[in-house]
Amino acid sequence: MIWREAITRRGLLGKWIALSAVLLFRRRVEGEELPFELASEVPEGRTLQERLTPILAGRTPRHERVTLTMPPLAEDGGTVPLQLDVESPMTDLDYVQKLYLIADQNPDPLVFSASLHPGAGSARWKLNIRLADSTRIRAFAEMNNGDLFVNEVEVAVLVGGCG
Amino acid sequence: MLKIGRRAVRLPRHEYGKDDVIEVKTRIIHPNHNGRHKYEDKGYIAQHFIHLIEVYYGDQLIISMDASAGISQNPYFTFALKATHSAPLRVVWKDTHGEEYTETVDIRV
Amino acid sequence: MKENISRRDFLRRSKGAVAGVAAAGMMGGSGQISQGAESYRGTPSQDPTYHGAQRGPAMRPASFVIHKKAELSEPKGPRAVVVGGGWGGLTMAKHLKLQSPEMDVVLVETHSVFISCPISNLWLAGLVDQGFITHSFLDAAANNNYTFLNATVFDADRDKRRVYTDRGYIDYDYLVLAPGIDYDYDAIGVHDLEQQQALMSRYPAAFKPGSEHLTLKAKIDNFEGGLFALTVPSGNYRCLPAPYERACMIASVFKKNKIKGKVLLLDHNPTIKIKREGFEAAFHELYKDYLEYYPSVSIVGVDVEKKTVIGEFDDYTFDDAAIYPRIRGAKLIESLGLVNKYSPQKEAWIDQFHSNVVGDDRVYVIGDSRPTGFSKSGSTAQEEAKFVARVIAGRMKGQELKWETPYTSCFSMVNSDPMEAIYLGFKYLPPQAGITPMAMERVVAFWTHTGAAFAWRDRKMNRSEEMGEAMLEWARVHYNEMF
C-alpha cells in the first residue's frame with residue numbers, strides 16, 4: 001500500500017492524486033558525508049560445521065555445569081539478552097579457560113570465543129546478541145583440564161536482526 | 001546525541017567486601033554494523049564492529065573476548081568478578097577500524 | 001468486626017454534618033459492612049440532618065449485577081457485542097453492520113467520549129485543535145445503525161455466550177474484544193503499587209487517550225524550562241514511531257516559544273526503532289538545541305520524588321516527564337483467561353489467520369491485545385477490523401475467508417512550522433514465511449499463531465509539507481471509517 005492509496009482509497013482525495021505527479025520532496029545536500037562506509041557485497045557467511053569443528057576438536061561435550069538462559073521468544077532479533085553461568089571454583093587448578101557461543105542459524109554462527117583467567121573469580125556473564133532467525137543457541141565451556149561442557153536453548157525470533 | 005565510543009563501566013551501587021563476587025556492567029555506544037544492512041540502493045553498510053573486549057584486573061588480563069558482528073549494537077557486557085584485592089579494573093574495546101577505547105574504574109576492598 | 005468498631009469510633013469522635021456526610025459515603029461505597037449492618041445499633045450522630053445507614057436500603061450480595069439483563073431492546077438478528085471503542089472496535093462495529101445489515105451490533109465502551117491517540121501528538125503541539133481528535137460515540141452509533149452502551153465489561157461466560165457489564169449482562173452470538181493495552185510498570189522496575197500510582201498520575205505515559213493526554217498537554221503548555229523526559233519502552237509497544245514524533249512535537253513547542261528547555265528522549269532500543277533516517281534528520285536539523293537522544297537506556301526504576309529515571313548505567317534527572325513504560329495486553333484479556341502463556345506481553349491466544357480465540361469461533365480479539373507481531377497502531381487495527389468483520393460475516397453464511405495481511409500506513413509529523421511529515425507503509429508476510437523447522441512445543445504453540453514478518457512497501461523519509469498535509473487527510477479518511 002503506497003501512501004497515496006492510504007489516503008485516497010475512498011476516493012475523497014482527487015487533489016492528492018493530481019498533486020502526486022509533482023513530488024517536491026526535500027533532497028539531501030549532495031555529497032553529504034555518510035556516517036558509515038558502503039560495501040558492494042555482504043560479508044561471506046560461515047558454516048556451522050566450520051565453526052563447531054575447532055571447538056569440539058573431536059570431543060563430545062557433556063551437558064553439565066553450563067547454564068544458558070534466554071527468553072524463549074525474542075521480540076526483536078537485533079538485541080536478544082542472554083545470561084551464561086558456568087559452575088567452576090575458578091582457582092588456578094580448576095577454572096574455565098574458554099567460552100564459546102554458537103547461534104546455529106546466524107550467517108556467522110560463532111557469536112564470540114573468549115579466554116578467561118582464574119583471576120576473574122567467577123564465570124557469569126550477560127550480553128545482548130543478534131539473531132538472524134529462530135535458532136538453537138549453544139554455549140560451550142572448556143575447562144583448563146580440557147573437559148568440554150555445553151548447554152543449548154532454542155529461541156524463536158519474531159523480527160530478525162541480521163537482515 | 002551520543003557519539004561512537006561513549007562508554008561506561010559500572011560497579012554495584014551497594015557496598016561490597018573483600019572476596020565478594022560483584023557484577024560489573026559495561027557498555028559502549030557503537031553501531032556494530034554487521035555488513036548485512038542495505039543502504040538505499042547504493043550498497044550495504046560496511047562491517048564496523050567491536051571485535052575484541054579485554055578486561056584487566058590490576059595488570060592481569062582476566063577476560064579476553066573475540067567477538068563477531070553477532071553482538072548487538074551498543075555492545076553490552078556484564079560479568080561477575082571476585083573482588084580479591086584493591087586494584088584498577090580496565091576495560092578495553094577494539095573495533096574493526098582500529099579504534100581503541102578504554103575505561104578504568106577502581107575496585108576498593 | 002474490628003473495622004466496624006473503628007468506623008464507629010471514628011463516627012463518635014466526629015461531630016456535625018460533615019461527619020454525617022462522610023459516613024454516608026463510606027457506608028454506600030463499601031460492600032464489607034453488609035454483614036455488620038444488621039447488628040449495627042449505634043447512633044452515628046445526633047445531627048438531625050443525618051439520614052444514614054440505619055434506615056438505608058437493605059443490603060444485597062455484591063454480585064447482583066450479574067443477574068440483571070442490560071437494558072437493551074431485543075435483537076432482531078444475530079447479536080454481536082464489540083467490547084472497546086478504540087480504532088479497532090469502532091471500525092469493527094461499523095463494518096459488521098456494513099457486511100451483515102441484519103446483525104444487531106452493540107458497542108460497549110467505558111469512556112463516554114472518543115479521543116484519538118493517532119494525531120494526538122499534533123494536538124499536544126497545538127497543530128490541530130481538540131475537536132479534531134475528539135468525537136462522539138453517539139454519532140458513530142447513530143450514523144451506522146448500531147447501539148452504543150456506555151458500560152464496562154468485567155467478565156464473560158463463553159458457554160452461555162454471555163458478557164457481563166456494570167450495567168447488566170448481554171447475550172451474544174459473536175463477541176469481539178478490542179480492549180487495547182495496559183501498562184506494565186513492573187517491567188521498568190516500579191513494583192510498589194503506591195509508586196506505580198504516583199508515577200501513573202504525575203508523569204502519565206499518555207498512550208491511553210483521555211485524562212493522561214490532558215495532563216500531558218498542560219505540562220507542555222506550562223513548561224518553564226529544563227529537561228522534559230520521554231521514554232521509549234522495550235517490546236512491541238503501542239505505536240512504534242509515536243515517542244519519537246512526540247519528542248519532535250514537544251521540542252517544536254520549546255523552539256517556537258523560545259523556552260530554555262530540552263526534551264530528554266531515553267530509548268530502551270539501541271537505535272531509533274522505526275523511520276530512523278527521518279527522525280534522525282529532524283533531531284539534527286531542527287531540534288539540535290532542544291532535544292537530547294540517549295539510546296540503550298534500560299530503565300530499572302523511577303524515583304518520582306527525586307524526579308529521576310534510574311537507568312542501568314546512568315541516572316537522568318528531569319523537571320517534567322511522560323514516562324512510557326512497557327505495555328501488555330489489556331488486563332481484561334487476562335481476567336477472561338484468554339492469555340497466550342507464551343506471549344511476552346500477555347496478549348490473547350487467537351488463531352492469527354481469523355482472529356478468533358483458539359477453539360471458539362464466536363469470540364474474536366482484535367487491536368493491540370492481539371499477540372501477532374503487527375504494528376500496534378490505529379491504521380493496523382482498522383484494517384484488521386475490516387477483515388475480521390468480513391470473516392464473521394462469511395462464517396455466518398458458512399464461508400471461510402483466506403488470511404489477508406493488514407497494511408500499516410503510518411505518518412509522523414516531525415516539524416510544526418511548516419508542518420512536515422514522514423511516511424512509512426507496509427504489509428506483512430503470512431507467518432509461515434518465518435518458520436524454521438523447529439519441533440518445539442512453545443514455538444509451534446506461539447509462532448504458528450503469531451509471528452509476523454514485514455514486507456516493506458513504501459518509505460518517504462525526506463520530510464515534506466506534502467506529507468504533512470497528507471497526514472491530516474489520512475486522519476480524516478480514517479476517522480470516517482469509524483464515525
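## Basis of the model

Residues are numbered from 1 along each chain as its sequence is written, while chains are lettered from A and ligands numbered from 1 in the order in which they are written. The model is predicted: local features need pLDDT of at least 70, side-chain atom pairs count only at pLDDT 80 or more, and totals for chains, interfaces and linings use all residues.

## The contact between chains A and B

Chain A and chain B each bring 35 residues to the contact (two residues are in contact if their C-beta atoms, placed from the backbone, lie within 7 Å). On the side of chain B that touches chain A, at least two residues each come from β4 (43-45), β6 (60-67) and β7 (76-82) of chain B (strands are DSSP runs of E, at least two residues, numbered from the N terminus). The most come from β6(B), which gives eight residues.

This side of chain B comprises 18 nonpolar, 13 polar and four charged residues. Here Ala, Val, Leu, Ile, Met, Phe, Trp, Tyr, Cys and Pro count as nonpolar, Asp, Glu, Lys and Arg as charged, and the others, Gly among them, as polar.

Strand β7 (residues 124-129) of chain A is antiparallel to β7(B), with three bridges between them (strands pair if DSSP finds at least two bridges between them). A:Trp125 has B:Phe79 as its bridge partner in β7(B).

## The sheet of chain C

In chain C, five strands make an open sheet with parallel pairing, ordered β5-β2-β1-β9-β19. At its edges lie β5 (147-150) and β19 (363-365) of chain C, each pairing on one side only. From one strand to the next, the twist averages 20° (axes are lines fitted to C-alpha atoms, and angles run from 0 to 180 degrees between N-to-C directions).

Five bridges join strand β1 (residues 79-83) of chain C to strand β2 (residues 104-109) of chain C in the parallel sense. C:Val82 has C:Leu107 as its bridge partner in β2(C).

Methods. Helices (H or I, at least four residues) and strands (E, at least two) are DSSP runs, numbered from the N terminus.
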